[in-house]
Amino acid sequence: MKKEKKKPKVVLSKLWAWTILVILAILDASLDMIFSNSQGLQNFFWKPIADFFGIQSAILGVPLLLMVFFVVVKFGAFLERKTEKIQYAEELVLTTLVILYGLFDLWLILVYFFNFTLFKSHFYLIPIFIIIGTAYSWWAEKKLKK
């Protein structure tokens with residue numbers, strides 16, 4: 001019998017990653033509802049979608065957010081498989097998303113509970129998240145290719 005290669009511990013399993021993403025999405029929506037009266041639904045991306053579906057509360061937007069994440073993960077994994085030929089591409093994309101969304105939620109908690117004002121807008125976090133996500137992905141790719 002041929003030995004199956006064991007999945008390296010650098011990525012989360014799909015079940016764990018999706019479970020954590022659901023928890024993070026609910027946490028994000030709850031923080032948005034409690035501290036900013038669902039103003040997160042008023043940004044340029046979510047406003048047309050929320051208006052189309054008639055969503056007034058951030059917590060009702062969680063299923064839509066998870067559908068967006070699903071599409072992003074599938075597309076990212078497809079690209080990763082085609083370009084880098086990595087076996088656990090979907091797990092890698094999911095784990096990267098969990099790390100970045102977890103950091104975003106951590107930033108929200110720091111802002112809402114501790115008045116953390118190092119960054120005036122969440123848009124300033126985008127370059128930082130790109131660097132962190134890229135660094136983790138490169139490191140994990142290297143480990144997955146071994």
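Trainee: How many nonpolar, polar and charged residues are in the lining of the largest pocket?
Mentor: In this predicted model, the lining of the largest pocket comprises 28 nonpolar residues, 11 polar residues and 4 charged residues.

Trainee: And what volume does the largest pocket have?
Mentor: Its volume comes to about 1500 Å³, and among the 43 residues that line this pocket, those closest to the centre are Trp46, Leu65, Phe69, Tyr101 and Phe104.

Trainee: Which element gives the most to that lining?
Mentor: Helix α4 does, with 11 residues, while the elements that each supply at least two lining residues are α1, α3 (62–84), α4 and α5 (125–145).

Trainee: Switching to the surface, which residues make the nonpolar patch?
Mentor: The patch, of about 800 Å², is made by Ile26, Met33, Ile34, Phe35, Ile59, Leu60, Phe113 and Phe114, and the elements contributing two or more residues to it are α1 (14–36) and α4 (89–114).

Trainee: OK, and which one gives the most there?
Mentor: For the nonpolar patch that is α1, which provides 4 residues, whereas for the pocket lining it was α4.

Trainee: Where is Phe113 placed, and what does it touch?
Mentor: Phe113 sits in helix α4, and, leaving aside residues up to four places away in sequence, Phe113 touches Leu31 and Phe35; of these partners, Phe35 is also one of the residues of the nonpolar patch.

Trainee: What separates the C-alpha atoms of Phe113 and Arg81?
Mentor: Those two C-alpha atoms are 40 Å apart, with the residues themselves lying 32 residues apart along the chain.

Terms used: Residues are numbered from 1 along each chain as its sequence is written. This is a predicted model: local features need pLDDT of at least 70, side-chain atom pairs count only at pLDDT 80 or more; totals for chains, interfaces and linings use all residues. Side-chain values use heavy atoms; hydrogens and water are left out. Patches are made of residues with over 30% relative accessible area and no salt bridge: like charges are joined within 9 Å, nonpolar side chains (Val, Leu, Ile, Met, Phe, Trp, Tyr) within 5 Å. Accessible areas come from the Shrake-Rupley method with a 1.4 Å probe; for residues, only the protein chains shown count as cover. A salt bridge is a side-chain nitrogen of Lys or Arg within 4 Å of a carboxyl oxygen of Asp or Glu. On a 1 Å grid over the protein atoms alone, a cavity is a set of points where a 1.4 Å probe fits but cannot get out, and a pocket is an open set with protein on both sides within 12 Å along at least five of seven lines; lining residues have an atom within 4 Å of a point. Grid points are joined across faces, edges and corners, and a volume is the space filled by probe spheres set on the points. Ala, Val, Leu, Ile, Met, Phe, Trp, Tyr, Cys and Pro count as nonpolar, Asp, Glu, Lys and Arg as charged, and the others, Gly among them, as polar. Contact means heavy atoms within 4.5 Å.
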